[in-house]
Amino acid sequence: MAGTISPSTGAAHARIAGVGAYRPRRVVPNSEIVDAIDSSDEWIQERSGIKTRYFAGEGESIIDMSEAATRDALEMAGMEPGDVDAVVLATVSHPYQTPAAAPMLADRMGMDKPVAFDISAACAGYCHGISIASDMVRGGSARNVAVIGVERLSDFTSRTDRGTAFIFGDGAGAAIVTASDSPGIGPTVWGSEGDKWDVIAQNESWIDVHEQKLDWPTIGMQGQSVFRWAVWSMAPVAQQALDAAGVTVDELDAFIPHQANVRIIDAMCKQLKVPEHVAVARDIVDSANTSAASVPLATERLLREGLAPRGGLALQIGFGAGLSYAAQVVTLP
Ligand code: UT7
């Protein structure tokens, strides 16, 4: 007779217990970018809203930045590295094909053999990570999950590409997901449109770079195509996440979209009819587009500056290369 498998038992609900951030020391204003791309501070601000970005330097690797952000998040959560039993790290700029950055981070921080893996979902990676962490806590495969979004996009950006040189920045954000008595992370609405994979992509594969002796590969983007997709397709996804959570836009305290372009953020606010009292994240002005790090960086900032209340409701959405997206309503830690 076949035996029966014991069910895994998890927590009733999950929540974010703490968030943290790391912004590199070096602030790079538009004036440092414009000459190489025949642009201007005015054009960049008008078209994207970006004034500055952070570029990581020596001693600010993917692991270094992740460690700082995770320590910050653990402090808010009132936990120690040893309490973390899972690390889910979202990035597209970890410079090793293997191993993943997550186990390297876990080792650096002295964690006790946590499950640790990376996810590659570009600018949607952090919101994917929150969804996975929530499922892990509720499914019983982890108790306290560190979710990190981290990028060193300056390593993969061409300084002379007019379409991307001013867009990307570096940084890390982290969240600790743990058990909760009441729902703190709403259902995730997520998906992908892989037929558009080529509108944001590494320009050449590693194999082409090696075999054809090409230059170091950078990330290319068909800006207008991504812009249109983001404006028209992502507001409905955000609305679905609100509906799935049973929350109306008026009940929100904060709206934290991926920081891709201030014009995209404004267009989404208009479509969703985001009321005046909702704090809208506009960290892009100072931090530019930090891909997987943008949502947690913006979250940490809204809380630190007191623009959104602790315990308040936030709608967050990530979208980008893939094209991949993920959105959910969360209770702010
Ligand atoms: O994180 C993943 C998701 N990413 C995004 O969501 C990014 C989406 N895309 C965008 O945010 C925008 O497409 C950009 C900010 C990248 C570009 O803004 P745009 O309004 O779409 O510019 P454009 O490419 O349509 O170019 C408009 C004009 C063109 O000149 P003409 O043809 O109108 O004379 C370009 O040649 O601006 C010119 N241009 C520039 N001028 C100064 C293009 N790039 C530059 C530049 N500086 N860097």
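1. Leu313 stands opposite Thr331 in strand 14. Strand 13 (313-320) and strand 14 (324-331) are paired antiparallel over eight bridges; two strands count as paired if DSSP finds at least two bridges between them. Helices (H or I, at least four residues) and strands (E, at least two) are DSSP runs, numbered from the N terminus.

2. The model is predicted: local features need pLDDT of at least 70, side-chain atom pairs count only at pLDDT 80 or more, and totals for chains, interfaces and linings use all residues. Residues are numbered from 1 along each chain as its sequence is written, and side-chain values use heavy atoms, with hydrogens and water left out.

3. The hairpin of strand 13 and strand 14 has three residues between the strands, and Gly322 there takes a positive phi near 145°. The peptide bond joining Gly322 and Leu323 is cis, with omega about -15°. Leu323 is placed in the loop between strand 13 and strand 14.

4. Strand 14 also pairs with strand 8: four bridges join these two strands, which run antiparallel. Ser192 is opposite Ser324 in strand 14. Seven of the eight residues of strand 14 are buried, so this strand is largely enclosed by the rest of the structure. Buried means under 20% relative accessible area, exposed over 50%, and partly exposed in between (1.4 Å probe, protein chains only).

5. Helix 6 (residues 223-245) has 23 residues and spans 32 Å from its first C-alpha to its last, close to the 33 Å expected at 1.5 Å a residue; the expected span is 1.5 Å times one less than the number of residues. A kink of about 35° lies at Met234, shortly before the proline Pro236. The bend at a residue is the angle between axes fitted to the seven residues ending there and the seven starting there. Gly246 follows helix 6 and has a positive phi, near 70°.

6. The buried residues of helix 6 include Trp229, Met234 and Leu242. Among the elements that cover the buried residues of this helix are strand 8 (189-192), helix 7 (262-272) and strand 14, where contact means heavy atoms within 4.5 Å.

7. An open sheet of five strands has the order 1-7-6-4-5, with mixed pairing. Strand 1 (13-22) and strand 5 (115-119) stand at the edges with a single partner strand each, so one side of each has no neighbour in the sheet. The twist averages 20° from one strand to the next. Axes are lines fitted to C-alpha atoms, for helices over the stretch in contact, and angles run from 0 to 180 degrees between N-to-C directions.

8. Within this sheet, strand 4 (residues 86-90) and strand 6 (residues 145-152) pair in the parallel sense over five bridges. Val87 has Ala146 as its bridge partner in strand 6. Helix 3 (residues 101-108) lies across strand 4, strand 5 and strand 6, at about 130° to strand 4. Pro99 lies in the loop between strand 4 and helix 3, and the peptide bond from Thr98 to Pro99 is cis, with omega near 0°.

9. Lys213 has a positive phi near 50° and is exposed, with a relative accessible area of 71%. Ala288 has a positive phi near 60° but is buried, with a relative accessible area of 1%.

10. The protein is divided into domain 1 (13-180) and domain 2 (189-331); these bounds come from an automatic or database domain assignment. The C-alpha centres of domain 1 and domain 2 are 14 Å apart, and 50 residues of domain 1 are in contact with 45 residues of domain 2.
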